[in-house]
Amino acid sequence: MKKTALAAALFALASFSAHGADPSGGFANGGWSAQYGVVDGNHRATLNYETSPLWHMKLGSTRLELVGELGGSYWWTSSALPGYARHMWQLNAIPMFRWWPTERFYIEGGIGATAVSETKFHDKNISSTFQFGDHIGAGFKLAENMRLGLRVSHFSNGGMKKPNQGLNQVQLNFAMGF
């Protein structure tokens, strides 16, 4: 059984490397994205480094790709409960799947690890500095190396520690490729 699992893992790794970065497009070498989001008076500004596609697959006239997003965010709010922070930092590492049903339009989603500097922010007790970030969004390629998108994100510790109130964001995303 272990040999079969090892063979399957090696086959999967070989097929991932065989489908590396798509040489066409303005993001073949990676890029940067800036995001701004606000929900319930909580603001979030993010700067992400986006890797070149780690994997891609053609699906008829569409394509699916996997990229990594590594970044940092600054959260702020104008008011907070007593004992709760008004400012917070966040680091993230998110694998994002992006499906391109057309050459210009995409739908994306991903789940990854984040770390925050505070466990109590604004009016939420998120209990732990380790959080999962869940993201879903859509966008449009403005030019060969520019994208504009809208993303909804949820951050929580996945129930590993109580309370687990979580934080939500709706963000505008602008990305530029190298």
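N92 sits in strand β5, which covers residues 87–100; helices (H or I, at least four residues) and strands (E, at least two) are DSSP runs numbered from the N terminus. With a relative accessibility of 9%, N92 is buried, where buried means under 20% relative accessible area, exposed over 50% and partly exposed in between, using a 1.4 Å probe on protein chains only.

The side chain of N92 makes a polar contact with the side chain of N48 at 3.4 Å. A polar contact here is a pair of N or O atoms within 3.5 Å; within protein, one must be able to donate a hydrogen and the other to accept it, and residues adjacent in sequence count only if both atoms are side-chain atoms. Setting aside neighbours within four places in sequence, N92 is in contact with N48, E69, L70, G71, G72, A113 and T114, a contact being heavy atoms within 4.5 Å.

## About the model

This is a predicted model, in which local features need pLDDT of at least 70 and side-chain atom pairs count only at pLDDT 80 or more, while totals for chains, interfaces and linings use all residues. Residues are numbered from 1 along each chain as its sequence is written, and side-chain values use heavy atoms, with hydrogens and water left out.

## The chain as a whole

The chain's secondary structure comes to 1 helix and 11 strands. Along the sequence, the pattern is α-β-β-β-β-β-β-β-β-β-β-β.

Of the 178 residues in the chain, 39% are buried. Among contacts with a separation of 6 or more, 57% are between residues 24 or more positions apart.

Rolling a probe the size of a water molecule over the atoms shows where empty space is left. In this structure, a search of the whole model finds 1 cavity of 30 Å³ or more. On a 1 Å grid over the protein atoms alone, a cavity is a set of points where a 1.4 Å probe fits but cannot get out, and lining residues have an atom within 4 Å of a point. Grid points are joined across faces, edges and corners, and a volume is the space filled by probe spheres set on the points.

The largest cavity holds about 40 Å³ of space. Its lining is made by Q35, R44, T46, N48, E69, N92, I94, H135, R151 and Q171. Strands β2 and β5 are the elements that give two or more residues to this lining, and β2 gives the most, with 3 residues.

Beyond four places in sequence, its contacts are E65, L66, V67, E69, E108, G109, G110, H135 and R151. M96 and I136 are 40 residues apart in sequence, with their C-alpha atoms 9.1 Å apart in space.

Q169 belongs to strand β11 and is buried as well, with a relative accessible area of 1%. The side chain of Q169 reaches the backbone nitrogen of V38 at 3.4 Å. Leaving out neighbours within four places, the contacts of Q169 include G37, V38, V39, R151, V152 and S153.

## Aromatic pairs and charges over rings

The structure holds 10 aromatic pairs. Rings of Phe, Tyr and Trp (its six-membered ring) pair if their centres lie within 6.5 Å; planes under 30 degrees apart count as stacked, over 60 as edge-to-face and the rest as tilted. W32 and Y49 are an edge-to-face pair because their ring centres are 5.5 Å apart and their planes stand at 65°. This pair links distant parts of the chain, with W32 in strand β1 (residues 31–39) and Y49 in strand β2 (residues 42–50), 17 residues apart. W32 is partly exposed at 43% relative accessible area, and Y49 is partly exposed at 27%.

F130 and F132 form another edge-to-face pair, 5.0 Å centre to centre with 85° between the planes. Y36, Y74, W76 and W89 form one aromatic cluster. Charges also sit over rings, meaning that NZ of Lys or CZ of Arg is within 6 Å of the ring centre and within 35 degrees of the ring normal. K141 lies over the face of W100, 5.8 Å from the ring centre, and R147 lies over the face of Y106, at 5.4 Å.

## An exposed loop residue

K162 is found in the loop between β10 (146–156) and β11 (167–177). K162 is exposed, with a relative accessible area of 65%. K162 and S128 are 34 residues apart in sequence and 8.8 Å apart in space, C-alpha to C-alpha.

How values were computed: On a 1 Å grid over the protein atoms alone, a cavity is a set of points where a 1.4 Å probe fits but cannot get out, and a pocket is an open set with protein on both sides within 12 Å along at least five of seven lines; lining residues have an atom within 4 Å of a point.
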